[in-house]
Amino acid sequence: MSHIAPVPRVAANGADIPLLGLGTWELRGRACARVVEQALRLGYVHVDTAELYENEREVGDGVHASGIKRSAVFVTTKIWPTHFAPPALERAARDCLVRLRLSEVDLLLLHWPNPQVPLAETIGALCKVKRDGLARNIGISNFNSAQMEEALAASSEPLVCNQVECHPFLDQSKLIAACRQHGMAVVAYSPIARGSVRDDKVLSRIGIAHKKTAAQVCLRFLVQQDIVVIPRTSKVERLAENAAIFDFTLSDGEMAEISGLASRDGRMVDWAFSGRPKWD
Ligand SMILES: NC(=O)c1ccc[n+]([C@@H]2O[C@H](COP(=O)([O-])OP(=O)(O)OC[C@H]3O[C@@H](n4cnc5c(N)ncnc54)[C@H](OP(=O)(O)O)[C@@H]3O)[C@@H](O)[C@H]2O)c1
């Protein structure tokens, strides 16, 4: 398999985040380690994991097996809300590093807001973890605009991103504007709508004009707006497809047509498909 083109990066409050990363939710065991290793060998430079995914060990195995220099790969992990009280957060961050076999991560996120722990305390602990050198950058995930404002007000360190569900079927325009206003990157999770973009007629038609697949058009639509994408695949043969998104440009008309697919109720991830996360 030939090497993918260099991945552009986006600057966000002092961080320099590769616009394409590999998502790893639901990847487990040796298959997870293998796909991470192959992705990095192919030229991916960014991997997204979380405590919740129970695969940090395998993600670490893949990173180490790839032979990639530590400084060349951007590793993100996330702390689950049951660990948001300050002493637990620091312990959880250290545990992530042990599983990943890294001395620091490039980005550490609060996975989901937790109304049961005062946000200022959690943010204070997250900032301390950064100051102690366990994370080069910190940020949030699944925070709405109001929660994001509260987090920013409480933080003594820059918050570099909000990782949220983002794809052409979901209208996230307000949150994207709010992130931009604060210099934060938007990291799009489920960027190909959990695979469902492949059946979309508009994306497929635009893809034919560019000799690209619907998934590639979808990912291009996001990165063309400087939105970071972290598509997940368990199939090594799809890694190159999902990375071949930097060699074509969608016209203004195509961008507008794809924007027209969005709706306010287009979510694919309603937490674990069962309503709210469980805190206890
Ligand atoms: N912060 C959060 O709360 C949160 C929530 C959800 C996800 N995430 C992160 O975001 C990542 C991506 O989101 P996701 O895993 O929910 O969904 P996704 O990346 O939008 O879609 C993954 C699905 O699409 C399929 N697929 C991959 N490439 C494809 C292609 N080129 N054409 C057609 N189908 C393709 C995959 O199947 P195959 O495996 O068969 O290729 C898989 O079923 C996650 O893995 C995780 O790292 C974060």
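Predicted model: local features only at pLDDT ≥ 70, side-chain atom pairs only at ≥ 80, totals over all residues.
Colleague: Let's start with β5. Which residues is that, and are they buried or exposed?

Modeller: Strand β5 covers residues 74–79, and six of the six are buried. The strand is therefore largely enclosed by the rest of the structure.

Colleague: Which residues sit on each side of β5?

Modeller: F74, T76 and K78 are on one side. V75, T77 and I79 are on the other. Both faces are covered.

Colleague: How many bridges join β5 to β4, and in which sense do they pair?

Modeller: Three bridges, in the parallel sense. Strand β4 is residues 46–48.

Colleague: What does H46 pair with in β5?

Modeller: F74 is the bridge partner of H46.

Colleague: And where does the chain go between β4 and β5?

Modeller: Through helix α2, residues 56–66. That β-α-β crossover is right-handed.

Colleague: Now β6. How many bridges does it share with β5?

Modeller: Four bridges, again with parallel pairing. Strand β6 runs over residues 107–110. Within this pair, I79 stands opposite L110 of β6.

Colleague: Which helix lies on the path from β5 to β6?

Modeller: Helix α3, residues 86–100. This β-α-β crossover is right-handed too.

Colleague: Switching to helices. At what angle do α7 and α10 cross?

Modeller: Roughly 160 degrees, and their axes come within 10 Å. Angles over 145 degrees count as roughly antiparallel, so α7 is roughly antiparallel to α10. Helix α7 is residues 201–210 and α10 is residues 252–259.

Colleague: Is that crossing left-handed or right-handed?

Modeller: The α7 and α10 crossing is left-handed.

Colleague: Which residues make the contact?

Modeller: From α7, V202, L203, R205, I206 and H210. From α10, E254, E257 and I258.

Colleague: What about α1 and α9? At what angle do they cross?

Modeller: Roughly 40 degrees, with the axes coming within 10 Å. Helix α1 spans residues 29–42 and α9 spans residues 236–243.

Colleague: Are they parallel or oblique to each other?

Modeller: Oblique. Roughly parallel would need an angle under 35 degrees.

Colleague: Which hand does that crossing have?

Modeller: Right-handed, as α1 passes α9.

Colleague: And which residues touch there?

Modeller: On the α1 side, R34, V35, Q38, A39 and L42. On the α9 side, V236, L239 and A240.

Methods. Residues numbered from 1 in each chain as written. Heavy atoms only, no water. Buried < 20%, exposed > 50% of the residue type's maximum accessible area, 1.4 Å probe, protein only. Helix = DSSP H or I, 4+ residues; strand = E, 2+ residues; numbered from the N terminus. Pairing = 2+ DSSP bridges. Right-handed = clockwise from strand over helix to strand, strands pointing away. Axes fitted to C-alpha atoms, helices over the stretch in contact; angles between N-to-C directions. Parallel < 35°, antiparallel > 145°, perpendicular 65-115°, else oblique. Left-handed = near helix turned anticlockwise from the far one by under 90°. Contact = heavy atoms within 4.5 Å.
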